[in-house]
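Thanks, everyone. Let me put the next structure on the screen and walk you through it.

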Amino acid sequence: MIESDKAQSSKQIPFVDYLVLGDEPYLVANECKQCQARYFDRRNACAHCFGEEFKQVRVATKGVVTSFTIVEMGPMPYISAVVDCEGTPVRCTLVGVDPTPEKVHLGMGVELTTYSMGADSEGTEAIAFGFTPTQ
Ligand SMILES: [Zn+2]
C-alpha cells in the first residue's frame, strides 16, 4: 500500500527547467566553454563555434528591456520581451506593468519574478517566471 505524503501536497515545480526555485529564484543557462555563448535549451553543440562542452551558469536576475512586443491575442494582452541580463538575452513575459506602449520602453530596468500558473489535481504548483519593473 502506498501512503499519500501530505508534505508533497504543496510541491512547487518550475514550468521551465532552467528556472531554479528557492528563496531567491534565478535562471541557469548552458554556457559554451569555448566561446561563452549562452543557451537556455539543452544543446549537443554550440551554434557559434560547434564546441561540445558546456557548463551551467547562473544568470543575473536584473536586466534591461532590449526589445518588446505587445501581444494582443486571447482575452488578455501581454508583453513579450527580450531582457538583457548582464550580457545574457532572456526571452520572457513582462509582468506587473500595463501592456501599453506608454508604460513599456526600451532600456527599462526589470528584475526576475515568479508566479504560480495554478496547481494540478495533486496540488503540485507550476511556477513560471517573468520580469517586472524594478522599483
Ligand atoms: Zn561556442
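How many helices and how many strands are there in the protein? Zero helices, ten strands. Keep in mind that this is a predicted model. Along the sequence, the pattern reads β-β-β-β-β-β-β-β-β-β.

Now the overall dimensions. The C-alpha trace spans about 55 × 45 × 30 Å along its principal axes. The protein has 135 residues, and 31% of them count as buried. Its accessible surface is about 9,000 Å². Carbon and sulfur atoms hold 49% of that surface. On contacts, take those with a separation of 6 or more: 43% of them join residues 24 or more positions apart. On charge, there are 11 positive and 18 negative charges. Their mean positions lie 5 Å apart.

Next, the metal. Which residues coordinate the zinc ion? Four cysteines do it through their SG atoms: C32, C35, C46 and C49. The distances run from 2.3 to 2.4 Å. In sequence, the donor spacing is C-x2-C-x10-C-x2-C. Look at C32 and C46, a pair that links distant parts of the chain, 14 residues apart. C32 is in strand β3, residues 26-32. C46 sits in the loop between β4 (38-39) and β5 (54-59). Buried or exposed? Both C32 and C46 are buried.

Last point, the geometry. Why is the arrangement around the zinc ion called tetrahedral? Because the four donor atoms subtend angles of 98 to 115 degrees, and the cut-off asks for all angles between 85 and 135 degrees. For comparison, the ideal angle for four tetrahedral donors is 109.5 degrees.

Conventions: Residues numbered from 1 in each chain as written. Predicted model: local features only at pLDDT ≥ 70, side-chain atom pairs only at ≥ 80, totals over all residues. Heavy atoms only, no water. Donors = N, O, S within 2.8 Å, 3.2 Å for Na, K, Ca; no water. Tetrahedral: all angles 85-135°; square planar, octahedral: opposite > 155°, others 65-115°. Helix = DSSP H or I, 4+ residues; strand = E, 2+ residues; numbered from the N terminus. Buried < 20%, exposed > 50% of the residue type's maximum accessible area, 1.4 Å probe, protein only. Contact = heavy atoms within 4.5 Å. Areas by Shrake-Rupley, 256 points an atom, 1.4 Å probe, with all protein chains shown as cover. Lys, Arg positive; Asp, Glu negative; His and termini not counted. Charge placed at Lys NZ, Arg CZ, Asp CG, Glu CD.
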